[in-house]
Amino acid sequence: MTTKSRMGNAYMKQHLETATKTGVLRISFQKLNEVPEALTQLEANLRTLDMSDNKFVTLPSWMGNFKMLKQLSINNNRLTALPEEIGRLVKLDALSLHNNRIATLPASISALSNLKSIDLSGNKLTAFPAVFNGLKKLASIDLSKNQITEVPEEAVKDLHVVELNLNQNQVAIVTPKLGECPKLRTLRLEENCLQIPAVIPLLRDSSISLLALEGNLFDMKALAHADGYEQYMDRFTAVKKKLY
């Protein structure tokens with residue numbers, strides 16, 4: 001065994017011992033190519049797991065065995081997909097996967113009934129995932145810096161988020177149904193491919209109080225003359241007054 005391997009094993013052993021007591025394990029910046037199988041020792045009590053800044057391409061199916069896990073961060077890796085078993089993490093409330101290479105999401109994500117926030121920014125998604133429908137505790141979705149071109153009705157028909165970030169995609173079409181999401185207050189659509197007609201329903205027929213639209217295919221000054229702009233500004237001003 002090399003000195004480097006002995007050092008790596010010693011590092012992992014020390015962190016596993018600590019995590020057994022605390023329920024928290026952070027193994028970031030370790031240049032790992034695979035998720036260490038030794039983590040299975042923590043299945044019964046691990047609550048927070050951060051494996052960011054490694055070189056993971058895939059995740060093992062046994063990742064679904066961490067039934068107590070509440071926070072999972074695997075940012076800045078090389079993941080192309082997630083295993084179906086991730087839907088077995090029934091207590092998960094925060095999932096952060098930004099800056100990977102994920103192109104699709106497993107249907108099992110819809111089983112994460114305690115999920116409150118998910119960060120998928122900086123991935124390879126080309127379609128708005130429909131798996132978030134029905135997740136009533138999910139308040140924040142970050143899909144910025146992907147390649148999404150459309151927000152279709154079927155993907156948002158039962159969406160309960162408060163904040164949705166779609167900045168820096170290629171969105172040209174947004175269903176008016178997005179404006180009907182009952183809890184949606186903040187919608188970020190900066191640097192996309194939208195024309196003014198596509199956003200009029202969001203201005204006029206919604207509860208959105210912060211709509212970020214800079215960097216689309218229209219002059220922001222022209223937006224002030226769009227149908228529904230006054231209704232939107234009334235909501236924006238009302239919220240601003242509450243904050244100050």
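A residue counts as buried when its relative accessible area is under 20%. With that in mind, welcome to a predicted model in which both Trp 62 and Phe 66 are buried.

**Aromatic pairs**
- The model holds three aromatic pairs.
- One of them joins Trp 62 and Phe 66 in a tilted arrangement, with 6.3 Å centre to centre and 55° between the planes.
- Tyr 232 and Phe 236 make a tilted pair as well, at 6.2 Å centre to centre and 40° between the planes.

**Around helix H5**
- Helix H5 spans residues 229–243 and carries both Tyr 232 and Phe 236, which sit four residues apart, about one turn of the helix.
- Tyr 232 is buried because its relative accessibility is 7%, under the 20% cut-off.
- Phe 236 has a relative accessible area of 26%, so this residue is partly exposed.

**The largest nonpolar core**
- In soluble globular proteins, nonpolar side chains tend to be buried together.
- Here the largest nonpolar core has 71 residues, and those touching the most other members are Leu 39, Leu 72, Phe 128, Phe 132, Leu 164 and Leu 178.
- Helix H1 (3–22), helix H2 (153–156) and helix H3 (196–204) are the elements that give two or more residues to this core.
- H3 supplies the largest share, six residues.

**A look at Phe 128**
- Beyond its neighbours within four places in sequence, Phe 128 is in contact with residues including Leu 143, Ile 148, Glu 150, Pro 152, Val 156 and Leu 164.

Definitions and conventions: Residues are numbered from 1 along each chain as its sequence is written. This is a predicted model: local features need pLDDT of at least 70, side-chain atom pairs count only at pLDDT 80 or more; totals for chains, interfaces and linings use all residues. Side-chain values use heavy atoms; hydrogens and water are left out. Rings of Phe, Tyr and Trp (its six-membered ring) pair if their centres lie within 6.5 Å; planes under 30 degrees apart count as stacked, over 60 as edge-to-face and the rest as tilted. Buried means under 20% relative accessible area, exposed over 50%, partly exposed in between (1.4 Å probe, protein chains only). A nonpolar core is a set of buried Ala, Val, Leu, Ile, Met, Phe, Trp, Tyr and Cys residues joined through side-chain atoms within 4.5 Å. Contact means heavy atoms within 4.5 Å.
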